[in-house]
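Please walk through this protein with the model open beside the text. The report starts with a single residue and then takes up the whole chain and its parts.

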Amino acid sequence: MMLENASSTSVLVVEDIDNMRLTIVKMLLTLGFSKVFQAKNGIEALERLNEHDIKLVVSDIGMPQMDGMTMLTHIRKNRDWDSLPIVIISSVVEQSIVTNAIKLGVSQYIVKPFSQHILLDHIHKALANPVVFDSSVEPETANEPVSVVNNEPEKLSILIVDDVPENIHVIANTLKGDYQLRAATSGKKALEVCLSNNPPDLILLDIMMPEMDGLQVMEKINQHSQLSHIKVIFLSALSENENIVQGFELGAVDYITKPIVPTVLKARLLTHSNIIRAQKASTAQIRSMMESLKVRNDFERIMQHDLKNQLQVINSTTNSIRKNIKRPDVVTYMLNAVENGTLMINQIIDNMVMINRIEEGQYQFKPRKIFVAEIIDTAIDVNTVTVKEKRLEVESHVSSEICVMGETPLMASIINNLLQNAMQAAPNGSAVMIRANTDSDTTRIEIHNVGVIPNSIRDTFFEKYTTYGKASGTGMGTYAVKLMVEIQQGQVSFTSSVDEGTTLIVELQAG
């Protein structure tokens, strides 16, 4: 499991506990990061930031000399670091502390314990969308109430490991109905389950087994940092006290003696299940807080920049119309500019609404036959002002018979977004070509311009907030296209080179 471009991304790990810091470093190295620097507190972290070109910070909160919150404040006040991705890793889940971290500009917040998979997911999100510190927002100290929906708790997954099948049956019969149960009769099989895509939350692990005993299994688990979240309870005989102590040293959270007493087993598991659920709930709550803040930031960003810019253009254009009221040619051109501005505003709003509905799983796709040429001709018409201002030649070579199975609003938004992208990237005085053909069951639509997509954004071209060289760009257009194409069971891609220019490609089911 590797993170793309990790080898060229330098990381700073800030943690005062040596074992924990080294564990995080090991995870990062496994993910492909080759430049990993370390610091034991905020003061050392600021020194490392001044010494090296750090692209990502992974930090604890509670540290001596300078804690993570103070360090975060210093980082966000520095213009060179105000958009540096910062991932906080902490066992602290108090609402006020998490809220302060978010307000101070943390990119992601992970609750200990965590797996390598969780770390990968949060790092990916942090790199894709660093939080830019806003000095107008003050940290909050009040402990605000959070509404919690009380749903039926999800059944935790337990792996029962014992080389005696009868023992597994006894435990399974005791726990059936309360947990998701799996079983393994050897340490090797247990490790395979743990390293699968669906690892357990907790393991009931027999100590005495042939070939690989429970202690050896625990040692193997400790070698895989992505399994650090799994709780282990040893199953042992009363005479195995020395092994029990060694098990605790390896990280076991409890032990249960054989023969199994059902009431004791249930009680012990209930205690640990409540702890696991509390940790999961804290993680989910923090994730919800982070997502809520990002949604608000998305809205504010678009309202303050993109919509406001378009409204300012419309306002200045209407003033110019008044001054040139006796010049019909100028007025006509400016009215087209006003119309283009309102269409752009509609496009921005449509993108945000569509993105939200698709991301929330609320969009119901109802396909029908759509004639592609009609959608393309309309998109060209509504972008007339851009065509004239950049002196572009836009040509559509799409047969009137070409169809796709889709929805008109989605197709209109897809084509308009991609056409606008192509026209903005095209050099002044150049051509934008649109072609489409149907091969078997697939219709392929291509929009070509002679511009080139910069290498720095090619890997993230269809991701949220990706933009380049556009003072007022949201970075939402191509992301919206990706969602709208995929909801129609299609694919979107591109090719780009200096010699061939850029071709944006949409493939959908033929109508």
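Does glutamine 65 count as buried or exposed? At 68% relative accessibility, glutamine 65 counts as exposed. The model is a predicted one.

## Two glutamines with positive phi

Glutamine 65 sits in the loop between strand S3 (56–59) and helix H3 (68–77). Its phi is near 70 degrees, a positive value in a residue other than glycine.

Glutamine 489 also has a positive phi, near 60 degrees. This residue belongs to the loop between helix H16 (477–486) and strand S16 (491–497). Its relative accessible area is 60%, so glutamine 489 is exposed, the cut-off being over 50%.

## The whole chain

The protein has 511 residues, and 46% of them are buried. Its secondary structure comprises 16 helices and 17 strands. The exposed surface comes to about 25,900 Å². Carbon and sulfur atoms supply 51% of that area.

Now take contacts between residues at least 6 apart in sequence. Of these, 70% join residues at least 24 apart.

## A parallel strand pair

Strand S1 (residues 11–14) and strand S2 (residues 36–39) run parallel, joined by four bridges. Leucine 12 has phenylalanine 37 in S2 as its bridge partner. Between S1 and S2 the chain passes through helix H1 (residues 18–30). This β-α-β crossover is right-handed.

Helix H6 spans residues 165–175. Its buried residues are Ile168, Ile171, Thr174 and Leu175. Seen down the axis of H6, they fall within an arc of 130 degrees, so they line one face of the helix. Behind this lies a general rule: an α-helix has 3.6 residues a turn, so residues three or four places apart point the same way. Glycine 177 follows H6, and its phi is positive, near 95 degrees.

Helix H7 (residues 187–194) buries Gly187, Ala190, Leu191, Val193 and Cys194. These residues cover an arc of only 160 degrees around the axis, so they are on the same side of H7. What covers them? The cover includes strands S6 (157–161), S7 (180–184) and S8 (202–206), together with helix H8 (214–222).

Leucine 419 is part of helix H14 (residues 408–425). Its relative accessible area is 0%, so leucine 419 is buried, the cut-off being under 20%. Beyond its neighbours within four places in sequence, leucine 419 is in contact with Ala379, Ile380, Asn383, Val432, Ile434 and Ile447. Isoleucine 380 is 39 residues away along the chain, yet the C-alpha atoms of leucine 419 and isoleucine 380 are separated by 7.9 Å.

Asparagine 449 belongs to strand S15 (residues 442–449). It is buried, with a relative accessible area of 2%. A polar atom of its side chain lies 2.7 Å from the backbone nitrogen of glycine 451. Leaving aside neighbours within four places in sequence, asparagine 449 has contacts that include Ala422, Ala425, Val432 and Thr502.

## A cis peptide bond

Which form does the peptide bond from lysine 258 to proline 259 take? The bond is cis, with omega near -5 degrees. Proline 259 lies in the loop between strand S10 (254–257) and helix H10 (262–323).

Conventions. Residues numbered from 1 in each chain as written. Predicted model: local features only at pLDDT ≥ 70, side-chain atom pairs only at ≥ 80, totals over all residues. Heavy atoms only, no water. Pairing = 2+ DSSP bridges. Right-handed = clockwise from strand over helix to strand, strands pointing away. Buried < 20%, exposed > 50% of the residue type's maximum accessible area, 1.4 Å probe, protein only. Arc of directions from axis to C-beta. Contact = heavy atoms within 4.5 Å. Areas by Shrake-Rupley, 256 points an atom, 1.4 Å probe, with all protein chains shown as cover. Polar contact = N/O pair within 3.5 Å; in protein donor to acceptor, adjacent residues only side chain to side chain.
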